[in-house]
Amino acid sequence: MRMPRRKSLALAAVVGATLTLMTPSAAFAYYGDELNYAVASSGPTGDYTCTSVTGAKACFKPNGDDFFVQDTREDGHAAAADWLYSNYARTGACVNTLGSGKWGLCNKDFPEGQEIRLAASVYEQGRYVVAGSLISVYA
């Protein structure tokens with residue numbers, strides 16, 4: 001049985017509106033499979049390695065497997081430490097939404113001696129604004 005044209009158009013409009021509302025949250029996501037939002041921190045101390053890009057600084061401290069992220073620009077964007085562990089076995093982002101000038105911390109757990117690739121990045125609602133170059137650090 002055919003649906004009348006008017007009902008068909010109404011159904012198409014509802015489905016289209018629903019998909020439009022769902023798409024932004026489903027289409028944009030921070031890097032990787034593991035997403036952590038940074039908790040406030042005073043920044044890294046001791047032995048650590050950092051990389052930066054305009055708007056973000058990301059550091060890794062192997063003693064504790066800590067990622068530190070600082071938002072370095074007052075622009076309303078989120079700063080992040082994007083990382084990939086052991087040739088993509090694990091991937092993720094430590095996202096700092098604490099505001100400009102503030103440091104954030106995400107604690108992870110990696111086996112010792114393994115390579116981690118780290119980049120500082122800037123996001124706007126889950127979309128890349130600036131993606132930094134990857135550097136190698138070791139857990």
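## Local features of a predicted protein model

At a relative accessibility of 67%, N87 counts as exposed. In this report, exposed means over 50% relative accessible area, buried means under 20%, and partly exposed lies in between (1.4 Å probe, protein chains only). The structure is a predicted model, in which local features need pLDDT of at least 70 and side-chain atom pairs count only at pLDDT 80 or more, while totals for chains, interfaces and linings use all residues. Residues are numbered from 1 along each chain as its sequence is written, and side-chain values use heavy atoms, with hydrogens and water left out.

**The loop between β6 and β7**

N87 lies in the loop between β6 and β7. Helices (H or I, at least four residues) and strands (E, at least two) are DSSP runs, numbered from the N terminus. Strand β6 covers residues 78-85 and β7 covers 90-96, and S86 is also placed in the loop between them. Most residues other than glycine have a negative phi. S86 is partly exposed, because its relative accessible area is 27%.

**G32 and its contacts**

G32 belongs to the loop between helix α1 (5-27) and strand β1 (34-37). With a relative accessibility of 36%, G32 counts as partly exposed. Which residues does G32 touch, if those up to four places away in sequence are not counted? They are T91 and G92, where a contact means heavy atoms within 4.5 Å. G32 and T91 are 59 residues apart in sequence, yet their C-alpha atoms are 4.5 Å apart in space.

**Two disulfides**

A disulfide is a covalent bond between the sulfur atoms of two cysteines; here, a pair of cysteine sulfur atoms within 2.5 Å is counted as one. The structure holds two disulfides, and they are set out below.

| Pair | S to S distance | Torsion about the S-S bond |
|---|---|---|
| C50 and C59 | 2.0 Å | about 100° |
| C94 and C106 | 2.1 Å | about 85° |

The torsion of C50 and C59 is about 100°, so this disulfide is right-handed. In this pair, C50 is partly exposed, with a relative accessible area of 29%, whereas C59 is buried at 0%.

The torsion of C94 and C106 is about 85°, so this disulfide is right-handed as well. The pair links distant parts of the chain, with C94 in strand β7 and C106 in strand β8 (residues 103-107), 12 residues apart. C94 is buried, with a relative accessible area of 1%, and C106 is buried at 4%. When the bonded cysteines of the protein chain are numbered in sequence order, the pairing is 1-2, 3-4.

K61 is located in strand β4, which covers residues 56-61.

The side chain of K61 does reach the backbone oxygen of T45, at 3.0 Å. Apart from its neighbours within four places in sequence, K61 is in contact with T45, D47, Y48, D66 and F68.

Technical notes. Polar contact = N/O pair within 3.5 Å; in protein donor to acceptor, adjacent residues only side chain to side chain.
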